[in-house]
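Subject: Structure handover

Hello,

I am passing this structure on to you. The sequence and model come first, and my notes on what was found follow.

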Amino acid sequence: MKKLFINISVLFLSIAGTAQSVKFNNPIITDKYTGDPAALVYKDKVYLYAGHDEAPNDFNFYKMNEWLVYSSSDMKKWESHPVPLKVTDFKWAKSDAWASQVIERNGKFYWYVTVEHGTVPGKSIGVAVADNPLGPFKDALGKALITNDMTKFSDISWDDIDPTVFIDTDGQAYLFWGNTACHYAKLKENMTEIEGEIHHIKLPNFTEAPWIHKHKDWYYLSYAYEFPEKIAYAMSKSITGPWEFKGILNELAGNSNTNHQSIIDFKGQSYFIYHNGASKPNGGSFRRSVCVDKLFYNKDGTMKRVVMTSEGIQ
Ligand code: FUB
């Protein structure tokens, strides 16, 4: 009887010990509220670009004036860097440092951003450029690349948001973007001009936040689905489609009505990077925090549903 008692206490001790040794790594960014993560793998690092959520605790809409950049070599430790880009760096823009993405081409880094245009009513897309992933970035065009009057697939004034850029194996670059309507167009080699017409892709319950990535020989178009948002995705054998809808990839975050994803492969592992509103004590839809969890594929190329965790990357 005495022996049994001792064994049970060892078991309790070891359970308590295990619980204490687990570290909660999500959210990964805790120095500021951050939303709309866009990750870039360059050389042996991941650069994470995000909008800075500056809304005070009693403010129930976005207040975003600048974008931030963090870097990591292992997806666990994240280094913060000086603010690389602000809305005021685009003289023609008025406000709203909304979702963005950085991509490298021929040693230059192009940062596609959403902003409210100063004179053309509605949201627009601008592009900044730098010689290295940390900047400084400067407006590459001196005007918007996309304005609200260039697209007619949706009547709202905020349908031209959330750019994602992809360079295909033949060197052709594509810009995808949208809210309620998913748009795409070719980019010229200079990365600052649209080539040809703007197309529209029909996707079930498309809200916003398209993200294009390729894994093995499949192209993936993930996006925010419904509102409040889940993340869903479609797959194709070609960047220009046809896209086949594959269902939900990530469930509601619950504490934020948006979830905005970024998907990368880094050092042999796939990652799903997103935001939620879980930061204590004042996190929420307008004070978001970036998180990372592992992403896994099935043999047929479909993606396994993401499990959002507090532990994150251990
Ligand atoms: O951060 C402002 C907007 O919220 C983004 O542009 C959308 O993707 C949503 O996350």
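How many nonpolar, polar and charged residues does the shell around the ligand have? The model is predicted, and in it the shell has four nonpolar, three polar and four charged residues. They are Asp 36, Tyr 62, Met 64, Trp 98, Ala 99, Asp 162, Glu 208, Thr 258, His 260, His 275 and Arg 288.

For Asp 162 the distance from a polar side-chain atom to a ligand oxygen is 2.6 Å, and for Arg 288 it is 2.8 Å. In Tyr 62, a side-chain N or O atom is 3.2 Å from an oxygen atom of the ligand. The protein buries 99% of the 280 Å² that the ligand exposes when taken alone.

Asp 36, one of the residues around the ligand, belongs to strand 1 (residues 34–42). Its phi is positive, about 60°, although Asp 36 is not a glycine. Ala 209, in strand 14 (residues 206–215), also has a positive phi, near 60°. Asp 36 is buried, at a relative accessible area of 7%, and Ala 209 is buried at 0%.

- Phe 227 to Pro 228, with omega near -5°; Pro 228 is in the loop between strands 15 and 16.
- Lys 280 to Pro 281, with omega near 0°; Pro 281 is in the loop between strands 19 and 20.

On confidence, the chain averages a pLDDT of 94. Over residues 1–17 pLDDT stays under 50, and the model has zero contacts beyond four places in sequence for them. Where pLDDT is low, the predicted coordinates should not be read in detail.

Regards

Technical notes: Residues are numbered from 1 along each chain as its sequence is written. This is a predicted model: local features need pLDDT of at least 70, side-chain atom pairs count only at pLDDT 80 or more; totals for chains, interfaces and linings use all residues. Side-chain values use heavy atoms; hydrogens and water are left out. pLDDT is the predictor's confidence in each residue, from 0 to 100. Contact means heavy atoms within 4.5 Å. A residue is near a molecule or strand if one of its heavy atoms lies within 4 Å of it. A polar contact is a pair of N or O atoms within 3.5 Å; within protein, one must be able to donate a hydrogen and the other to accept it, and residues adjacent in sequence count only if both atoms are side-chain atoms. Accessible areas come from the Shrake-Rupley method with a 1.4 Å probe; for residues, only the protein chains shown count as cover. Ala, Val, Leu, Ile, Met, Phe, Trp, Tyr, Cys and Pro count as nonpolar, Asp, Glu, Lys and Arg as charged, and the others, Gly among them, as polar. Helices (H or I, at least four residues) and strands (E, at least two) are DSSP runs, numbered from the N terminus. Buried means under 20% relative accessible area, exposed over 50%, partly exposed in between (1.4 Å probe, protein chains only).
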